Amino acid sequence: MASQYAKHSVLLCFRIVFSCFFLPQIFLFNARLASAQTPAYACASGNYTFCDTSLDVKIRVDDLVKMLTLQEKVANLVDGAAGVSRLGIPKYEWWSEILHGVSNTGPGVHFTSLVPGATSFPQVILTAASFNKSLFEIIGKVVSTEGRAMYNVGLAGLTYWSPNVNIFRDPRWGRGQETPGEDPTLTSNYAAAFVRGLQQRDDGDKDRLKVASCCKHYTAYDLDNWKGIQRYTFNALVTQQDLDDTFQPPFKSCVLDGNVASVMCSYNQVNGKPTCGDPDLLSGIVRGKWNLNGYIVTDCDSLDVIFNNQHYTKTPEETVALTLNAGVDLNCGSFLAKNGESAVNKGLVNESVIDRALTNNFATLMRLGFFDGDPKKQLYGNLGPKDVCTPENQELAREAARQGIVLLKNTAGSLPLSPAVIKSLAVIGPNAQATHTMLGNYEGVPCKYVTPLQGLSASVSTVFQAGCSDVSCATAQVDEAKKIAAAADAVVLVMGSDQSIETEGRDRVNITLPGQQSLLISEVASVSKGPVILVIMSGGGWDVQFAKDSPKITSILWVGFPGEAGGAAIADVIFGLHNPSGRLPMTWYPQSYVDKVSMTDMHMRPDPATGYPGRTYRFYKGQTVYSFGDGLGYSTFTHSLVQAPKVVSVPLEEGHVCRSSSSTCKSIDAVEQSCKNLGFNIQLRVRNVGTMSGSHTVLLFSSPPSVHNAAQKHLLGFQKLHLTPQTEGLVKFNVDVCKHLSMADELGNRKVAVGEHVLHVGDLKHPLTVRI
């Protein structure tokens, strides 16, 4: 009896546990699965005017807004928008990320068994190193397709807060990896191309959006946490000249050239004002001068930061009023939802301002089709899990990494390695087996990983030693690494950093390789009998002068954070399956530079009076380890000038002060009446004089006359072409004098310098005189 009772008790307990725990979990799982296959959308019934797709967006939005109570309005001014259930409008999460692939960094994206991962492209800094505008755009197109596919099964939103188009001003910045680098021209071109790739629909309807992009963080934001100085309270003191010729251009291109649907204001203050509360920056420039067609969103919890961290306002309601009246439309966070109604009731915000914000937000969702009924009946309704992580997308991720990888040093006889010659390859370093590290930050779950070790092992026999327990490399295991290096035909050292060294909220203090990495590299190189290839995986640059100078280190590759297929791409370059053509998108400084320069000093231009050296290749004249635009290949390419003018005359109206005989005008205003149709072509012949096919990156620079503290040189444009051995191609640049040859003067006004400008591509230089 006891035995039967015990068996009955166990069975009863099992049934109770199964009924009380497992069954609800199963039902919950099934419910989640069902909801994960149903995207949120409004107008399922279509009985309202705002649901009528035949009407203009403005008519529809106005109809919707006038139907809402103040409480309902305020509840829809935050990223976790409450919707309006009585009108059939569901909740909507605005915050999704798609920086270099669909990312679950924000709450709008979820990976499940239905869609376990998405294609993870290289971190932006490496893609930018390709200097390939068509690549920037096609990546945007691919990731937006995957995002739209995930939306269709309820796993993602339609509004993506990417790209990051801040200037990589200081080498220590942890978020520099997210940006296209230090140059405004490259960053502007990347921004516009990526945004177009994300947003443009395949049916050519320019009034509608595939997904909505957002350019961030506006503006002069490039410090996170340096020596205890936090982005939340940092006041960026920026001259008008630096603001207009360095920090603003990428955002201007986002809006004017990319037609971006959103701009995000940043945490920091600029010249004493929170950017999210500055009407000149938001209503004046973004909405006014640039005519943004979309919404302005705060960085997450920025309103709380303004009130509780910066103490800029005295009450929560004043904070709401400050930001909404400045031009903010959407608050990432809950601050506005909690305090918005009170701000209106206290007379600090007019309800018409609330209506304006809602109008901009709802208009964006309408352009996305959110109010058009079932998305499965719309243009992208056929997309689903089958369109995520396709073989074509994964191959593009590998190709993007290949195109970005930069060969910084290559001694004769080093790279590419021949698998037929290399019988044993020693692979050493804390990043040799990197998986997640390869993604960088703002990452999602990748389709799969190919580590550097896996990539290299696919071609030759390898032996591996980490050499360090992690990238911090507190104590290098030198002896074990030296042992395998001495016995190998060649050595590949995979070093660098990860998100524990550089990331959001974490700026560097030093730019030498972490811990004992340099010791490990040098010791391994000293005993190696064949080529030693140093591979640096990182977002920012490093002082690796020791490796550059060492005859024992025969090659150096910078591979950024190369994405899910990074290991395969690295192997493709090392074994010559791909001829590298990447170029550095940022300056690599010596450690002495960061020892001398405070990260908080926002000045771009040097100051001889104080010894301040300036920033980036445009203004810094001191020693570098590697310079912006540096990069080698396995072929040699020559340039010759085919066509370029020697003189350009700028027409000025009668009576213009600069036309008088006594004029000493050093520059003229870059205004429409004198700039209309004022341009010229430059044609270059590029020849591949090597023995290997490959792509070549052509960078066109200009050095203007020394007026208005002008840059010593700046990038006018860039192009990429592919040439087989002993063939040539023509490259053509269309130069708009007032757009490309102008500069910002001390007051931020665009000027064209009169006198000799020098155009240069590589070693080729051509003088061009601008005269009146």
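In the predicted model, Asp-572 is buried, with a relative accessible area of 4%. This residue forms a salt bridge with Arg-398, in which the closest N and O atoms are 2.8 Å apart. Asp-572 belongs to helix H19 and Arg-398 to helix H14 (residues 391-404), so that distant parts of the chain, 174 residues apart, are linked by the pair.

Helix H19 (residues 566-574) packs on a sheet, where it touches S14, S15 and S16. The direction of helix H19 makes about 145 degrees with that of S15. The sheet is open and consists of 6 strands in the order S11-S16-S15-S14-S12-S13, with mixed pairing. Strand S11 (406-410) and strand S13 (462-465) form the edges, each pairing on one side only. On average, neighbouring strands of this sheet are turned by 20 degrees against each other, direction ignored. Strand S15 (residues 532-537) and strand S16 (residues 555-558) run parallel and are joined by 4 bridges; Val-535 stands opposite Leu-557 in S16. Helix H17 (residues 517-527) lies across strand S12 (425-428), strand S14 (490-496) and S15, and runs at about 175 degrees to S14.

The structure holds 33 salt bridges. One of them joins the side chains of Asp-222 and Arg-169, with an N to O distance of 2.8 Å. Asp-222 is located in the loop between S3 and S4, whereas Arg-169 is found in the loop between helix H5 (133-151) and helix H6 (184-199), 53 residues apart. Asp-222 is buried, with a relative accessible area of 1%, and Arg-169 is likewise buried, with a value of 1%. Apart from neighbours within four places in sequence, Asp-222 is in contact with Ile-167, Arg-169, Trp-173, Phe-247, Met-599 and Met-602. The C-alpha atoms of Asp-222 and Val-238, 16 residues apart in sequence, are separated by 12 Å in space.

A further salt bridge is formed by Asp-242 and Arg-605, whose closest N and O atoms are 2.6 Å apart. Because Asp-242 lies in helix H7 (residues 240-247) and Arg-605 in the loop between helix H20 (591-596) and helix H21 (616-619), the pair ties together parts that are 363 residues apart in sequence. Asp-242 is buried, with a relative accessible area of 2%; Arg-605 is also buried, with a relative accessible area of 11%.

Note on methods:
Residues are numbered from 1 along each chain as its sequence is written. This is a predicted model: local features need pLDDT of at least 70, side-chain atom pairs count only at pLDDT 80 or more; totals for chains, interfaces and linings use all residues. Side-chain values use heavy atoms; hydrogens and water are left out. Two strands pair if DSSP finds at least two bridges between them. Helices (H or I, at least four residues) and strands (E, at least two) are DSSP runs, numbered from the N terminus. Axes are lines fitted to C-alpha atoms, for helices over the stretch in contact, and angles run from 0 to 180 degrees between N-to-C directions. Contact means heavy atoms within 4.5 Å. A salt bridge is a side-chain nitrogen of Lys or Arg within 4 Å of a carboxyl oxygen of Asp or Glu. Buried means under 20% relative accessible area, exposed over 50%, partly exposed in between (1.4 Å probe, protein chains only).
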